[in-house]
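Work through these exercises with the model open beside you. Each task is followed by a solution in short steps.

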Amino acid sequence: MDGRTRDPIARLIWVLRRGGHLARRLAVVLVLLAPVAAAGRDLTGTESGTIIVLTSFPAGFYEPVREAFERAHPDRHLRVINTKTTAAITRLQDREGEGVDVFWASAPDAFEVLKAAGLLTPIASRPTGAPSTIGNQPVDDPDGSYLGFALSGYGLVWDQFYLDQHGLAAPRGWEDLRRPGYARHLGITAPSRSGTMHLMVETVLQLQGWERGWATWLEIAGNLATVTARSYGVVEGVAKGRFGIGLAIDFLGQGVGQSAEQGPEVEEKLPATGGLRFAYPVDSVFLPASVAILRGAPNPAGANVFVDFLLSQAGQELMLRPDIGRLPVRPDSYVDAPAGYPNPYARETGDDLFLFDRGLSSRRYELVNLLFDELITFRVKTLNRVWQLIHEGETRLATTPDPVARDLLRAARKAATGVPVSAAQAADPAFSAALRRPARGMPVSARQGELEAEWRAFSKDRLEAALSASERALVILRVAAGEGGWP
């Protein structure tokens, strides 16, 4: 034996035999520090079998998965770090998550952002029996950077008691949410706070086109009661009667005890007893929730074991648990699903020709989030007033035609649905290059500050113009209806 041995006790004995007083003191320090060094190695997971997972999924979802994984692999420990998808992206981009092994989330465009930044390592596909696409959407990343482990639909959750009380019909699709009758009855979260809400916003922008898609969201915004801080707040708000209808990912909407309705006949399928309900819109699409291994992961072997488990038969069966309520990516998992459980492989999507462009979404990811906040999140009360006037004016115009009022209302609608960024600019990576969600307490770039100020001024000017035009139109229509004189 010599003094180079790695065993601290043997090394101490060797030093005590061969060294003097100073050597003996150093040997004692070495032994005392040995547990600290070992603990330091444990933090990375390379010595202890710990796998560090960064996820936006709630504890109600990841805890059952963690417990089942550790039962199946008692030599492994899953340490989960929970944060919003947008915050997770910032954390990884700013290299604050260098000790992370796995990224696990619903939004495919979030994975595209990380892939474009070179933060994901290639990952081998697993034999799940899943087709390469679902409704024309790839299940796994075609470039081999992340794998789909479940399928996600996005849709509408509502309280049937609330709708009955207010005399409202259940919505069937995104367009329905523009109806004047839903004013102050809708709740959403902001895409800057939720990766799933970002996907819903981006899906409509891609389905309808940039300008028309923003017009849809701006009119829907006129019916908002609130913008919640996180996705979970939407379902909670519906459940507590704060508003009647919310936009949610299916596993949140289906996880509160309601049935999942599918197809345009949703209103006829609703039971008369009411209660919470969830429905996929008629123009819905299914997108994969995915898992990826980070480049430079301290425990890549453990990360691959976790991915293997997620995509195994046992891991996929967990998705069907009532407290999880996800759609497994393995088609054979649905054989044992409860009666009435939604099966995306046995259902037509809204448009099988539509392909969600993950690359486009990732290039304008921060642009869409920032624009939504400036045009909608920070303007809810003004939007409420603008669309109340426009809708009232258009209703009156249908019974009291007036060309001047008609032109004023058209001008008001055009002003209220304008967007300060063109479709060409939104598709240009150079335009969005300076846009980032900064870490808390950090300033934005000078260019981003300039753009946000421009958009803020644009929104303020356009909404003031819409208010002025709609108010003038209403005066004309009220006078024409004999409800008063000119002011």
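**Exercise 1. The second largest cavity**

How many nonpolar, polar and charged residues does the lining of the second largest cavity have?

*Solution.* Keep in mind that this is a predicted model. Step one: list the lining. The residues are Leu218, Leu375, Leu383, Ala415, Ala416, Gly418, Phe458, Ser459, Arg462 and Leu463. Step two: sort them by class. Seven are nonpolar, two are polar and one is charged. Step three: find the elements behind them. Helix H17 (403-416) and H20 each supply at least two lining residues. H20 gives the most, with four.

**Exercise 2. The largest cavity**

Which residues lie nearest the centre of the largest cavity?

*Solution.* Step one: count the cavities. There are five of 30 Å³ or more. Step two: take the largest, with a volume of about 160 Å³. Its lining has 16 residues, and Ser56, Thr85, Thr196, Ser231 and Tyr232 lie nearest the centre. Step three: trace the elements. Those that give two or more residues to this lining are H7, helix H9 (231-239) and helix H10 (250-253). Step four: sort by class. The lining of the largest cavity has six nonpolar, seven polar and three charged residues.

**Exercise 3. An open pocket**

Which element gives the most residues to the lining of the second largest pocket?

*Solution.* Step one: note the space, about 300 Å³. Step two: look at the lining of this pocket. It has 16 residues, and Val113, Ser362, Arg363, Ser432 and Leu435 lie nearest the centre. Step four: pick the main contributor. H15 gives the most, with three residues. By class, the lining of this pocket has nine nonpolar, three polar and four charged residues.

**Exercise 4. Helix H5**

How many of the nine residues of H5 are buried?

*Solution.* Step one: count. Eight of the nine are buried, and H5 is mostly covered. Step two: name them. They are Pro108, Asp109, Ala110, Phe111, Glu112, Val113, Leu114 and Lys115. Step three: find what they pack against. The partners are H4, strand S3 (102-105), H7, strand S12 (286-293), H14 and H15. Step four: look just past the helix. There, Gly118 takes a positive phi of about 70°.

**Exercise 5. Two threonines**

Is Thr203 buried or exposed? Where is Thr377 placed?

*Solution.* Start with Thr203, in helix H7 (residues 195-208). The cut-off for buried is under 20% relative accessible area. Thr203 has 6%, so Thr203 counts as buried. Next, find the contacts of Thr203 beyond four places in sequence. They are Val285, Leu287, Phe354 and Phe356. Then check one distance. Thr203 and Asp357 are 154 residues apart in sequence, yet 9.0 Å apart in space, C-alpha to C-alpha.

Turn to Thr377. Thr377 is in the loop between H15 and helix H16 (380-399). Its relative accessibility is 13%, so Thr377 counts as buried too. Setting aside neighbours within four places in sequence, Thr377 contacts Ala190, Arg193, Val227 and Phe372.

**Exercise 6. The core and the whole chain**

Which residues touch the most other members of the largest nonpolar core?

*Solution.* Step one: name them. In this core of 139 residues, they are Phe103, Trp104, Phe149, Trp210, Trp214 and Ile376. Step two: find the largest share. Helix H20 (residues 446-480) provides it, with 10 residues. Step three: follow one member. Not counting residues up to four places away in sequence, Trp214 touches Leu205, Val368, Leu371, Phe372, Leu375, Ile376 and Val419. In soluble globular proteins, nonpolar side chains tend to be buried together.

Step five: zoom out. The protein chain has 20 helices and 13 strands. Of its 487 residues, 54% count as buried. Among contacts with a separation of 6 or more, 75% join residues 24 or more positions apart. The accessible surface is about 21000 Å², and 54% of that surface belongs to carbon and sulfur atoms.

Note on methods. Residues are numbered from 1 along each chain as its sequence is written. This is a predicted model: local features need pLDDT of at least 70, side-chain atom pairs count only at pLDDT 80 or more; totals for chains, interfaces and linings use all residues. Side-chain values use heavy atoms; hydrogens and water are left out. On a 1 Å grid over the protein atoms alone, a cavity is a set of points where a 1.4 Å probe fits but cannot get out, and a pocket is an open set with protein on both sides within 12 Å along at least five of seven lines; lining residues have an atom within 4 Å of a point. Grid points are joined across faces, edges and corners, and a volume is the space filled by probe spheres set on the points. Ala, Val, Leu, Ile, Met, Phe, Trp, Tyr, Cys and Pro count as nonpolar, Asp, Glu, Lys and Arg as charged, and the others, Gly among them, as polar. A nonpolar core is a set of buried Ala, Val, Leu, Ile, Met, Phe, Trp, Tyr and Cys residues joined through side-chain atoms within 4.5 Å. Buried means under 20% relative accessible area, exposed over 50%, partly exposed in between (1.4 Å probe, protein chains only). Contact means heavy atoms within 4.5 Å. Accessible areas come from the Shrake-Rupley method with a 1.4 Å probe; for residues, only the protein chains shown count as cover.
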